Amino acid sequence: MIDSAETLIEIKDVTILRHGLTVLDSVSLTVSRGEFTAIVGPNGSGKSTLVRAMLGLIKPDRGKIRVFGVPVDQLHEQRSKIGYVPQIFDIDINFPVSVFEIVLMGRYGRIGVGRRTRQDDRDAAMAALEKVGIGDLKDRSLARLSGGQRQRVFIARALANRPELLVLDEPTTGVDVTATGNLYSLLRTLKKEGVTIVLVSHDIGVVASYIDTIACLNVSLVAHCKPDEEVCSNALCEMYGSHAAFFHHSDTPHIVVEDHPDA
Amino acid sequence: MLESFAFAYMQRATVAGVLVGALCAIIGVYVVLKGLAFIGAGIAHASFGGVAIGVWLGINPIWSAIVFCILTAWGIGITSRSSHVKEDTAVGVFFASTMALGILLIGLKQGYQVDLFSYLFGSILAVTIQDVWTTVVITAVVLATVLILYKDLMFITFDSEMAEVTGVPAGRLYFLLITMMALTVVMSIKVVGIVLVSALIVTPAAAAYQLTEKFRNMMIIAVAFGIGSCVVGLILSDILGIASGATIVLLSTAIFFLCAAISPRRRRTKEL
């Protein structure tokens with residue numbers, strides 16, 4: 001049995017500057033193994049920057065980040081334990097690859113540079129596709145999929161690695177309500193399997209009862225709390241209250257606790 | 001009509017055309033899909049500076065161009081990756097300065113203008129046996145690299161960030177890719193010239209892109225178009241007595257427009 005208190009991600013006093021502006025201001029945050037953490041905050045609050053720093057894609061100007069107990073810039077083979085679902089508008093949907101090939105890419109880091117894919121890699125990719133329910137679309141190209149299907153391809157790619165840590169950056173953008181619902185039930189299954197999940201969202205309506213902790217971010221960390229704590233709803237009100245424009249994206253300016261029969 | 005092929009110079013030209021056509025097409029696939037066309041043009045213009053250094057020093061300009069183009073490619077890569085300069089801005093800075101350096105050096109060394117013209121616009125018929133061997137070696141190295149790193153280069157071309165997150169050394173592979181681009185540019189100088197080389201890299205791959213949704217097929221079709229353009233362009237220019245480099249490039253452009261016209265991608269866009 002895995003020790004539930006084991007710290008998987010440790011962010012300590014991280015400050016990131018961009019073009020002279022402070023994007024993140026001494027943010028500290030820890031994520032324990034098996035925990036489902038949602039990072040919420042309005043656009044421009046530094047959520048994606050925090051995630052990119054957490055994955056080692058950006059170097060913080062100050063502060064330290066450790067993932068799996070190792071400084072993030074020294075992660076090597078442990079990187080194959082990370083599944084990442086990036087924001088998908090940067091992806092060229094006309095790139096000449098099939099859905100299956102994209103999902104197989106999730107295994108490349110584990111396979112190693114210059115080595116060929118093996119049967120177990122292809123099996124893992126296929127299993128990931130089945131898990132997100134799009135096994136029948138494996139030979140399609142991205143351009144021939146809907147927004148929700150595309151999002152599932154990238155989730156399958158992250159899962160192909162059988163990750164211990166799954167990081168999703170705004171996975172519900174451009175995805176309809178049904179697909180969003182499917183995504184959350186998938187995440188709940190993964191959480192039960194022991195996967196540590198970090199979900200970034202500007203949409204506070206997504207915050208559901210099976211999320212363990214919420215990190216409210218607005219350049220600095222406003223609150224790090226459990227969804228049902230009053231401090232948490234106060235923090236969200238405060239954050240979104242000053243950004244009234246974001247009310248379009250969600251029904252109410254407080255946490256929506258979804259009713260799940262098994263939650 | 002093909003009696004010219006009895007001459008050694010024409011045979012050398014054909015071999016160089018086949019190799020360079022294939023080489024440009026392979027690198028072109030990455031250039032088109034990763035959006036590196038402007039870097040390609042930048043490296044091509046930098047090769048003018050590289051050639052000029054060779055002329056100035058009195059050494060084979062191919063060698064000086066190889067070194068200079070690789071350094072320029074790395075310079076563009078490092079500048080755009082590490083500082084707050086956009087990639088196209090970085091290219092713009094190197095593009096002009098390396099060209100200016102070339103002009104300056106050539107000005108210091110009088111009497112090379114004719115030779116220079118062949119570097120700018122290609123002179124495939126002047127390919128030497130040494131050029132052919134250099135091209136054979138470089139093509140073999142690039143081909144082997146692309147075959148061995150096939151999946152990894154495809155990954156960083158598609159999604160460099162995800163590659164990095166999962167432990168694929170995306171940065172090093174990127175620099176390898178632009179190094180191969182620099183080598184390809186220099187190998188192509190004799191065939192189509194500095195001014196036209198970026199077209200030979202981009203166009204066959206762009207044409208192939210119109211016809212397939214599979215990466216491997218795109219590469220195979222691009223190579224066929226690249227070789228076809230070079231060989232047929234060479235023959236046409238010989239028969240008609242016109243400039244070979246320009247004929248090759250215009251032929252590949254014609255193939256591109258033909259492919260764009262019949263592209264299933266275009267039909268799909270209409271369906272949706």
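User: What area is buried between chain A and chain B?
Analyst: Buried area is the accessible area (1.4 Å probe) that two parts lose on being put together, summed over both. In this predicted model, where local features need pLDDT of at least 70, side-chain atom pairs count only at pLDDT 80 or more, and totals for chains, interfaces and linings use all residues, A:Phe95, A:Pro96 and A:Tyr108 supply 23% of the area that chain A buries against chain B, more than any other three residues. Carbon and sulfur atoms give 63% of the area buried between the two chains, which is about 2800 Å².

User: Which residue of chain A forms a salt bridge with B:Glu213?
Analyst: A salt bridge is a side-chain nitrogen of Lys or Arg within 4 Å of a carboxyl oxygen of Asp or Glu, and the count between chain A and chain B is 3. In one of them the closest N and O atoms are 3.2 Å apart, and the partner of B:Glu213 is A:Arg144.

User: Is A:His19 buried or exposed?
Analyst: Residues are numbered from 1 along each chain as its sequence is written, chains being lettered from A in the order in which they are written, and side-chain values use heavy atoms, with hydrogens and water left out. Phi of A:His19 is near 50 degrees, a positive value in a residue other than glycine. Buried means under 20% relative accessible area, exposed over 50%, and partly exposed in between (1.4 Å probe, protein chains only). Because its relative accessibility is 66%, A:His19 counts as exposed.
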